[in-house]
Amino acid sequence: MLRDFLLLESYFGEPDSIQAIEDTVRRYGPDTVREAVEAGHLKIRALLLRTGGGPIVCGLSESGRRKACAGHEEETPDPL
């Protein structure tokens with residue numbers, strides 16, 4: 001999941017890579033999302049687009065970005 005967010009960030013940029021929390025939970029499951037939030041890898045924000053609130057979205061935090069990059073490096077075989 002974190003690598004998916006990182007890929008979106010690399011393609012669209014950080015501000016355009018945020019996802020609705022409902023979509024993220026549906027795609028990855030509530031336990032996976034909850035664990036990522038509790039670990040500090042995903043940040044949750046409410047968009048205040050109108051009176052009374054707006055959608056709740058999530059995106060990578062700095063620690064989530066580092067973990068996604070580290071996980072990607074671990075899966076890359078050493079060429080030597």
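The protein chain exposes about 5,700 Å², by the Shrake-Rupley method with a 1.4 Å probe and, for residues, only the protein chains shown as cover. Carbon and sulfur atoms supply 55% of that area. Of the 80 residues, 28% count as buried, meaning under 20% relative accessible area, with exposed over 50% and partly exposed in between.

This is a predicted model, where local features need pLDDT of at least 70, side-chain atom pairs count only at pLDDT 80 or more, and totals for chains, interfaces and linings use all residues. Residues are numbered from 1 along each chain as its sequence is written, and side-chain values use heavy atoms, leaving out hydrogens and water.

Now the fold. Reading from the N terminus, the elements go α-β-α-α-β-β-α; helices (H or I, at least four residues) and strands (E, at least two) are DSSP runs, numbered from the N terminus. The three strands make an open sheet in the order S1-S3-S2, with antiparallel pairing, where a pair needs at least two DSSP bridges. S1 and S2 sit at the edges with a single partner strand each, so one side of each has no neighbour in the sheet.

| Strand | Residues |
|---|---|
| S1 | 19-20 |
| S2 | 42-46 |
| S3 | 56-60 |

S2 and S3 run antiparallel and are joined by five bridges. Ile44 belongs to S2, and its bridge partner in S3 is Cys58. Helix H1 (residues 2-12) packs on the sheet and touches S1, S2 and S3, a contact being heavy atoms within 4.5 Å.

Back to Ile44: it is partly exposed, at 31% relative accessible area.

Notes: Buried < 20%, exposed > 50% of the residue type's maximum accessible area, 1.4 Å probe, protein only. Axes fitted to C-alpha atoms, helices over the stretch in contact; angles between N-to-C directions.
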